[in-house]
Amino acid sequence: MHNVAKPTITVLIDTYNHERFIEEALVSVVEQDFSPADMEILVVDDGSIDRTPEIVRKFGPRVRLIRKKNGGQASAFNAGVPEAQGEIVAFLDGDDWWARNKLSRVAEVMSADPALGIVGHGIVIVHRDGREQLETLREPLRFQANRLEGARLFRVRGSLLGTSRMTIRASLLGRIGPVPEALAVEADEYLFTLASVLEPAQILPDALTFYRLHDANAFLLSGSDPAKMRAKQAALAALARDLEKQLRAHGTTEGTVRALVEIIQADADQIRLTIDGGWPWETVKTEWTIHRVRNAAAPLSYKAFKCVILAAASMTPPKIFYGAQRKLAQNELYRRVRERWLPVPKMPHLKSDLQAGS
């Protein structure tokens, strides 16, 4: 019996009812400028009821299809990761696709720095109207989130480690273990947060993933569907709880745990207050936390404006406050005034460029 060489990379694609998109995702993988002999491709179909499995099978035998009952992103990862044979695992959502040099680029970086546990990179956000928005770091970043300074870097850059961007060493995935299956969405954040705490991370300035916005996005909701909002709120609350538990189990300091978890809990609280209401002081606390973390470098004019908003929130029931905020955001005149005089501050470490679609 002869030994079969293990692949360098496992591409793990999670998909659910992506018949409109899965072919483009798979084509972008099989056309990588990376040796097919060094790559295996696994697709975990999370109980699709459309033509997704049929389309995936067209790519056999290069692509292995794993079908399972619908259970969400965490259960898909838990089904796929134990099957991965590669030394590193590159994740891809079935509705996104990659630039042709994605795998060669991340493999080169991880090979050059064996200490790295996870690598991420920039993205091209593809809007529903075809416009493309480039989001990349201005400079490459190497850090570890196991101390307060690294956690602060992580919490405003972690989005560049999301599903279709993250490549993680298989050995590190083994240390992390199964993802809590309550995370029907946000399972990627559980993985990339713990990965960045346990081992060094690097974020490349390259835009190597095309991230598609569409009407069925599970995380970036296009409307105010109460059922989807409740599902997202439950996942965020579970993520905050489970991460806090695991971070403490790995000996992370209290200040670092708080820095990593508080913004997730604030996002969960914001959705809860929007759909269920609560106390005005909860709105103030939640909104201030989000502002403090995401807009620390905002100009004084914006901070003064935020204080006025928080003063109004302190006297307004949360459901009314967020309802009024949503209506204002839909008002064309208000949007123009905000864009002209008080635009939402841009994060200084990010380079963002919106262009017409090709």
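Q: How long must a DSSP run of H or I be to count as a helix?
A: This model is predicted. Its helices and strands are DSSP runs, numbered from the N terminus. A strand needs at least two residues of E, while a helix needs at least four residues.

Q: Which helix gives the largest share of the lining of the second largest pocket?
A: H9 (254-276) and H10 (280-294) each supply at least two residues of this lining. Eight residues make up the largest share. They come from H9.

Q: What is the volume of the second largest pocket?
A: The lining of this pocket has 14 residues. Nearest its centre lie Glu 262, Gln 265, Ala 266, Asp 269 and Lys 285. The pocket's volume is about 280 Å³.

Q: Which residue of E3 is the bridge partner of Ile 41?
A: E2 covers residues 39-46 and E3 covers residues 63-68. The two strands run parallel, joined by six bridges. In E3, Ile 41 has as its bridge partner Val 63.

Q: Why do the buried residues of H1 lie on the same side, and what arc do they cover?
A: In H1 (residues 22-30), the buried residues are Ile 22, Ala 25, Leu 26, Ser 28 and Val 29. They sit on the same side of H1 because their arc around the axis is only 160 degrees.

Terms used
Residues numbered from 1 in each chain as written. Predicted model: local features only at pLDDT ≥ 70, side-chain atom pairs only at ≥ 80, totals over all residues. Heavy atoms only, no water. Pairing = 2+ DSSP bridges. Buried < 20%, exposed > 50% of the residue type's maximum accessible area, 1.4 Å probe, protein only. Arc of directions from axis to C-beta. 1 Å grid on protein atoms, 1.4 Å probe; cavity = no way out; pocket = protein on both sides within 12 Å on 5 of 7 lines; lining within 4 Å. Points joined across faces, edges and corners; volume = space filled by probe spheres on them.
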